[in-house]
Amino acid sequence: MYVAVKGGEQAIESAHAWLAEERRGDLNIAELSIAQIREQLKLAVDRVMAEGSLYDPDLAALAIKQSRGDLIEAIFLIRAYRTTLPRFGASEPVDTGAMACDRRISATFKDLPGGQVLGPTFDYTHRLLDFKLAADGETPDAPSRESVPGDVPHVTEFLNREGLIEEAPHDDTPPPDLTREPLEMPADRALRLQALTRADEGFTLGLAYSTQRGYARNHAFVGELRIGKVAVEMDIPELGFAIEIGEVTLTECETVNQFKGSKTEPPQFTRGYGLVFGQSERKAISMALVDRALRWEELGEDNVGAPAQDTEFVLYHADNIQATGFLEHIKLPHYVDFQSELELVRKLRREAGADQVQEAAE
Amino acid sequence: MTDQAYNFAYLDEQTKRMIRRAILKGLAIPGYQVPFASREMPMPYGWGTGGVQVSAAILTPDDTFKVIDQGADDTTNAVSIRSFFERTAGVATTTATSAASVIQTRHRIPEEPLTEDQILVYQVPIPEPLRFLEPRESETRKMHSLEEYGLMHVKLYEDISRHGHIATSYAYPVKVEERYVMDPSPIPKFDNPKLGDMAAIQLFGAGREQRIYALPPYTQVVSLDFEDHPFEATKADQVCGLCGATDSYLDEVIVDDAGGRLFCCSDTDYCTARRAQGHQGPAFLDSEAVA
Amino acid sequence: MLADALAGGFDTPATQSAHAFRSVMEAMARPGAIQGIQGGAPPAPLSVAAGTVLLTLCDTDTPIYLAGKADHSDVRAWLAFHTGAPLTGPSHAMFAIGDWDALMPLSSYPIGTSEYPDRSTTLIVECAELEANGTTLRGPGINSKAMLSLPETRAFQDNRALFPLGLDFIFTCGDRLAALPRSTVVSRSHGEAAPAQGAF
């Protein structure tokens, strides 16, 4: 039968088998192990953990392998897995002041307590293809030194002591959870930050860049960028106190922005904030800029109509799993709807006499 | 066989309770979109995650489940969703409309009238009928609360002044029980008259947009129109080439390089059943068209 | 006491709650239609139907108000173990349960907001009897009309007047239930006396 295309099931199975074969590629080439991906494609793993909202490097590596390196597909796999996990509770807020920093830089001060630590960054590499890596990947050991014990204070704290930056008062209100409650407007800052930390890196980068080019410019300085491990503690009701259940690598960016002030209030710098799983500094900086742009209302600034100021626009379009699903769904058959449009257009053309014109031309 | 690695019908019980509560409120306020904390499903947003979550929340092991996409049981996404529930809920499945207790659909309402023993679950991409007139959720929510639907009428009337007709052929907006304007999902407007006074329960799930809404049985549903431009449920002015039906919604299939057309029922079960009863359409006179 | 609290839940939660929900859904979709429901075995004074509805719909996200006799230590312990639902007063209740008189006044429950009319209480009303007679029901879900033994008429007419805001009701009696959403239009049948027996 021409019309009723039977065998959809067969087609799907065959497609899946072909996909599995393609994923593996040439059998004469050694297969990638999860450990190899986890160790050698670490930044991809970090991005999948950040946007997948699940801190598990092995699962993220598995997802990258399964998705053939398509990171949005890998993020999707992680999200779909994450949603099936039972919840035992929530951790205590992590203390980034106690972070064991691998990298810590400030653009606002030449030097400061705790020092400027470049860490493992691409920043000053010359972007020249390293053909040695194509031959063999062995690298000499990097020089090391003893870490300096003690907490690394936040740069913004120094400004805060002088009252030069807006206060960020301590707040114990449990944040909303956008994975358990439908997104609702207006969204407070905690909810916005939660959405931004799992937002698509490219989308966030584009929005942040737009603020730099004048679409709600907010004069951002990187007050501090730090990457390192923090302890995760959880309160155990049976014990009556919090215990450490593990540690996670985070990237934190605090921006020092456009000051504000008035006749009654002396000028003060304002803040933008970014915090992301793993080593994801492009994302963390972007997040801080977008966070700051979204704060226009509470800071009494003008809404200049810039995309980065529009909470509803940003939050409803930042999730790449939602976006890619809806975008790609137009691949699905729509022939019933198309048929109804076809009928309508034919009818309108008929009435407009377009058919006659067409026929006359033929 | 049910996949033991997951809970019955995939979703955990807490999620099902949340969805079930939303369904009940949806039934209590016909046409109103109830926000719900849609979960990430193991299939992409936009591919029926809303309908799948609603089905998962209502299915029992005793159900017989049917899935259609564009009216057909064997389109790939329908096949995929059907096998998902075969695997996770172990429910019986069918392609026969009359044998199904729960029918999940994308873009069609079956031709055969549904009964009180059936539930129709729609997959909805954009649940907000006002969305294309006003992109902001905060605004459209206000418009619904104030019953401020003037914008919609203006849009429809602009169509008339430009084209002589209301230029909406699918996802044609309806008003429910004289209160909420509702998007019936992208069904062709041919299906709109079936929405009202239906014996079956109709549930609508929009996963990405996190909304559930419902039409209880025998609910008043009116397609928006104007006195001088009444609503018309249209279809191709043809008969089904395969079964000869004159009353069903027809797909148009291009059958040869010369642009030859075959019109046939979009509801594959309806068409198959009619042919099994001996009905034959004009295409059987032309053997090439049905090779 | 503890053992009692641990008993009476669903043995197979996924399938039992699925069946129970279908009863509740059918009831809410077809106002006045009486449905059987089972699966839960709650402590007195809760009926099987009321207990099963609570097991099916309630958890840590749903504050419950226990009204009158329903506010019993056995019920509290049972709900805490099987649902984890927080107990609350009427003004914050997502669900309220009790006899009709104990649930009064209706004005103390949230009826939703104009933007979110769904944010209203569902009242589970324990009834001494539940029959398809007494009050006439019309509206969505009903093929012309239905009859149900409501505890009174006026309260439901006032509730309907709030539409799309308002309260939704589930009436429970033994192992049966029926529902009356805010959308239903309620009227006293012609020539019938006020059914005093309906409100125990």
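Colleague: How many helices and how many strands does chain B have?
Modeller: The model is a predicted one, and its secondary structure is assigned from that prediction. Counted in this way, chain B has 7 helices and 12 strands.

Colleague: What share of the contacts in chain B with a separation of 6 or more comes from residues 24 or more positions apart?
Modeller: A contact here requires C-beta atoms within 7 Å. Among the contacts in chain B with a separation of 6 or more, the share from residues 24 or more positions apart is 62%.

Colleague: Which strands are the edge strands of the open sheet of chain B?
Modeller: This open sheet has 7 strands with mixed pairing, in the order β1-β9-β8-β5-β4-β2-β3 of chain B. Each edge strand pairs on one side only, and in chain B these are β1 (34-35) and β3 (92-93).

Colleague: About what angle does the direction of α1(B) make with that of β9(B)?
Modeller: Helix α1(B) packs on the sheet, where it touches β1, β8 (201-206) and β9 (211-215) of chain B. Between the direction of α1(B) and that of β9(B), the angle is about 45°.

Colleague: Which residue in β5(B) is the bridge partner of B:Q104?
Modeller: Strand β4 (residues 102-106) of chain B pairs with strand β5 (residues 119-123) of chain B in the parallel sense, over 4 bridges. Within β5(B), the bridge partner of B:Q104 is B:V121.

Colleague: Between which chains are the most contacts found?
Modeller: Chain A and chain C do not touch, their nearest C-alpha atoms being 10 Å apart. Of the 2 pairs of chains that touch, the one with the most contacts is chains A and B.

Colleague: Which element gives the largest share of the side of chain A that touches chain B?
Modeller: The contact takes 41 residues from chain A and 54 residues from chain B. On the side of chain A, the elements that give two or more residues are α1 (8-24), α5 (71-82), α12 (320-328) and α13 (335-352) of chain A. By class, that side of chain A divides into 20 nonpolar, 9 polar and 12 charged residues. Its largest share, 11 residues, comes from α13(A).

Colleague: Which element gives the most to the side of chain B that touches chain C?
Modeller: This contact takes 31 residues from chain B and 29 residues from chain C. The elements of chain B that give two or more residues to it are α1 (13-28) and α4 (137-145), and by class the side of chain B has 17 nonpolar, 5 polar and 9 charged residues. With 11 residues, the element that gives the most is α1(B).

Colleague: Which residue in β7(C) stands opposite C:L123?
Modeller: Strand β4 (residues 122-126) of chain C has 5 of its 5 residues buried, with C:T122, C:I124 and C:E126 pointing one way and C:L123 and C:V125 the other way. Parallel to β4(C) run strand β3 (residues 95-99) of chain C, joined by 5 bridges, and strand β7 (residues 168-173) of chain C, also joined by 5 bridges. The bridge partner of C:A96 in β4(C) is C:L123, and opposite C:L123 in β7(C) stands C:F169.

Key. Residues numbered from 1 in each chain as written. Chains lettered and ligands numbered in written order. Predicted model: local features only at pLDDT ≥ 70, side-chain atom pairs only at ≥ 80, totals over all residues. Nonpolar A, V, L, I, M, F, W, Y, C, P; charged D, E, K, R; others polar. Pairing = 2+ DSSP bridges. Axes fitted to C-alpha atoms, helices over the stretch in contact; angles between N-to-C directions. Buried ≥ 20, exposed ≤ 12 C-beta atoms within 10 Å, placed from the backbone.
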